[in-house]
Amino acid sequence: MRLAPALILIASATLLSAGEPSDSFEPVLVHLGPLTLKPSAFLELIGMSRSATTADSVSTHFGNIPLEDTLGESLGSPRHSRLMLKGDVPAGPFHFSAYLESDFLNFTPGQSPYRWRHYWGQAQIGNWEILGGQTWSLLRSNRVGTGMDAMNTDVIDPAYHVGLIGSRLRQIRVSRTMGIYKAAVAWEGVGNFVAKVVRDTERQHYELAGFGGRTGRGGVAASAVAGVTPRFRLVTQAYWSQRAAYEALAVVPVGVNGVSTLQGIEAQIKKNLEVYSYGGLVYAARGDASGNRLVRQWTAGVNQKVSLPSLRSGLLMSLQYSYLDRAIWAGKEGVMNFLMYRVRYTFN
């Protein structure tokens, strides 16, 4: 594995973090009558050195790593860079919002690499909200509430981490806030009806979700983000499914029973320095002999932030190691180790 890019990143992080910045800045807001627009974006360069050769870019297909020994490889890409736009309009007792988000990770042959990740509109009146469009499934766990603040972990990989459940789907969602509790239901484009209840306090978030769908598929998930101290968090998620284990990032075949789990810790060593570690797995009941029986991942990493208030922007530098393995029902197993490194320049 080629470690030179990682060593350069570490050296850069050391130099830039010698003085911990405390300056902050307000985001750019554009006012057009009652409409307020908040544009933002980031330019991200991700590098990766892995012990196996796969067809993936820097977004890993966890359930498809090679089952035989292959040569290692190193690669890099800026395609996870994103453009985002949020709009808000108050109208009497109503508050209307809309959100657009895109990146360049479309790998469909013959199509542009540019793709839409999220696009939705929302109306809020009092404690009620109704949302329509494409965003994370209600099954994806949150850090706060039931909205955009998804618990996607703090990893570099654009595919996130083995053990997470839920994908981006078109949906109609209705939610209601009741003090420290919030309840939501959603009808999603794949034919799933999902319900979720969450409880939020100062540093604690707990949730319970369940769904049912066509052909008898369904499942139950429980998760939490618990702040043990202001700088130390525990992350946990568990999922049981009937004929829907594929909801765990599609690393196992469609139509089989299974379970998944994700456990992690996140620690703020300093104001702008974070370390994290996660472990996750997906287990599927017996299916086709070539299908995955078990997929596991363990990850440890560090994120260093540098604020650049004079440029109304910020810099994020990251380094991460992951161990990934999978086993199919026919008995074969595959293992891949990989190192990822990132530099992200954020515009607000």
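I started at Arg326, where a polar atom of the side chain lies 2.8 Å from the backbone oxygen of Ile65. I count a polar contact as a pair of N or O atoms within 3.5 Å; within protein, one must be able to donate a hydrogen and the other to accept it, and residues adjacent in sequence count only if both atoms are side-chain atoms.

Ground rules. I am working on a predicted model, in which local features need pLDDT of at least 70 and side-chain atom pairs count only at pLDDT 80 or more, while totals for chains, interfaces and linings use all residues. I number residues from 1 along each chain as its sequence is written, and side-chain values use heavy atoms, with hydrogens and water left out.

Confidence. I looked up pLDDT (the predictor's confidence in each residue, from 0 to 100). The mean for the protein is 92, and 93% of its residues reach 70 or more. Over residues 1-22 pLDDT stays under 50; the model has 35 contacts for them beyond four places in sequence. Contact here means heavy atoms within 4.5 Å. Where pLDDT is low, the predicted coordinates should not be read in detail.

Arg326, continued. I placed Arg326 in strand E17, residues 313-328. Strands (E, at least two residues) and helices (H or I, at least four) are DSSP runs numbered from the N terminus. Arg326 is buried without a salt bridge, and Glu68, the nearest side chain of opposite charge, is 7.2 Å away. For charge, Lys and Arg count as positive and Asp and Glu as negative; His and the chain ends are not counted. Buried means under 20% relative accessible area, exposed over 50%, and partly exposed in between (1.4 Å probe, protein chains only). Beyond four places in sequence, the contacts of Arg326 include Phe62, Asn292 and Glu333.

Cores. I then followed Phe62, which touches Arg326 and Leu324, among others. A nonpolar core is a set of buried Ala, Val, Leu, Ile, Met, Phe, Trp, Tyr and Cys residues joined through side-chain atoms within 4.5 Å. The largest one has 44 residues, and Phe62, Val252, Leu324 and Met340 have the most contacts inside it. Elements giving two or more residues to this core include E2 (35-50), E15 (273-284) and E18 (333-347). E15 gives the most, four residues. Another core lies apart from it, with five residues, among them Met84, Tyr99, Trp120 and Leu131.

Salt bridges. I searched the whole structure and found 16. The criterion is a side-chain nitrogen of Lys or Arg within 4 Å of a carboxyl oxygen of Asp or Glu.

- Glu73 pairs with Arg50, the closest N and O atoms being 2.8 Å apart. The pair links strand E3 (residues 73-77) to strand E2, 23 residues apart in the chain. I read Glu73 as partly exposed at 22% relative accessibility and Arg50 as buried at 1%.
- Glu129 and Lys182 meet at 3.4 Å, N to O. Glu129 is in strand E7 (residues 128-136) and Lys182 in strand E9, 53 residues apart. Both are buried.
- Arg296 and Asp325 meet at 2.7 Å, N to O. Arg296 is in strand E16 (residues 292-308) and Asp325 in strand E17, 29 residues apart. Arg296 is partly exposed at 39%, whereas Asp325 is buried at 8%.
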